[in-house]
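Try each task before reading its solution.

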Amino acid sequence: MPKKTCGRKIPVQQLRLDTTRCAGGQKGTPISDTQAAYEALRPAFADCGATEKVAVLMLDKQNRPLGVYEASDGGLDWAAVDPKAIFAAALTAGATRLIAAHNHPSCSMNASGPDQQLHEKLQRIGRELEIDVADHLIL
């Protein structure tokens, strides 16, 4: 006899969207340029040390910050990123635009091949969901 799957409870991973450190306390101030995006994302990278980290700034239609989603804490030269989790956070926050960022512990400011592939993938998914992936910063 086949197992019944209807009515089964499926656990959903909890997403943490930090709205307290958003924009260095300037929550609600529109993000108008790269410097403002950097300032909004910088607190998420305060404790990253020598590991690569990925965070995403969620914005509303007026480019006001809704929060920062810390997408990944990685290793010395990599960070695994799950685009599904990023867009789940964006949809939960009601974001219409996002700006991704990550650090390079090596201090290189050049985007690697995997960095570019991730950005293109996020843009492709964002187009389907009508969420603009406005930028990807390397801090």
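**Exercise 1. A loop proline**

In the loop between which two elements is Pro105 found? Then classify its exposure and list its contacts.

*Solution.* The model is predicted. Start with the location: Pro105 sits in the loop that connects E4 and H3. The relative accessible area of Pro105 is 28%. Buried means under 20% and exposed means over 50%, so Pro105 is partly exposed. Now the contacts. Setting aside neighbours within four places in sequence, Pro105 contacts Ala50, Thr51, Glu52 and Leu76. Finish with a C-alpha distance: Pro105 and Gly75 are 30 residues apart along the chain, and their C-alpha atoms are separated by 9.3 Å.

**Exercise 2. The geometry and faces of H3**

Compare the span of H3 with the expected value. Then decide how its buried residues are arranged around the axis.

*Solution.* Count first: H3 has 17 residues. From first C-alpha to last it reaches 24 Å, close to the 24 Å expected at 1.5 Å a residue. Then list the buried residues of H3: Asp115, Leu118, His119, Leu122 and Gly126. Viewed down the helix axis, these fall within an arc of 100°, so they line one face of H3. That buried set packs against H2, E4 and strand E5 (132–138). On the other side of H3, the exposed residues are Pro114, Gln117, Arg127 and Glu128. Glu130 follows H3 and has a positive phi, near 60°.

**Exercise 3. A histidine in H3**

Is His119 buried or exposed? Which residues does it touch?

*Solution.* His119 belongs to helix H3. Its relative accessibility is 18%. The cut-off for buried is under 20%, so His119 counts as buried. Beyond residues up to four places away in sequence, His119 touches Val133, Asp135 and His136.

**Exercise 4. The nonpolar cores**

Which residues of the largest nonpolar core touch the most other members? Which elements each supply at least two of its residues?

*Solution.* The largest nonpolar core has 18 residues. Met58, Tyr69, Ile86, Leu98 and Leu122 touch the most other members. At least two residues each come from strand E2 (53–59), strand E3 (65–73), helix H2 (83–93), strand E4 (97–102) and helix H3 (113–129). H2 gives the most, with 5 residues. Now zoom in on Leu122. Not counting residues up to four places away in sequence, Leu122 touches Pro83, Ile86, Phe87, Ala100 and Val133. Apart from this core lies another, of 13 residues; among them are Ala37, Leu41, Val68 and Ala101.

Notes:
Residues are numbered from 1 along each chain as its sequence is written. This is a predicted model: local features need pLDDT of at least 70, side-chain atom pairs count only at pLDDT 80 or more; totals for chains, interfaces and linings use all residues. Side-chain values use heavy atoms; hydrogens and water are left out. A nonpolar core is a set of buried Ala, Val, Leu, Ile, Met, Phe, Trp, Tyr and Cys residues joined through side-chain atoms within 4.5 Å. Buried means under 20% relative accessible area, exposed over 50%, partly exposed in between (1.4 Å probe, protein chains only). Helices (H or I, at least four residues) and strands (E, at least two) are DSSP runs, numbered from the N terminus. Contact means heavy atoms within 4.5 Å. The expected span of a helix is 1.5 Å times one less than its number of residues. The arc is that of the directions from the helix axis to the C-beta atoms.
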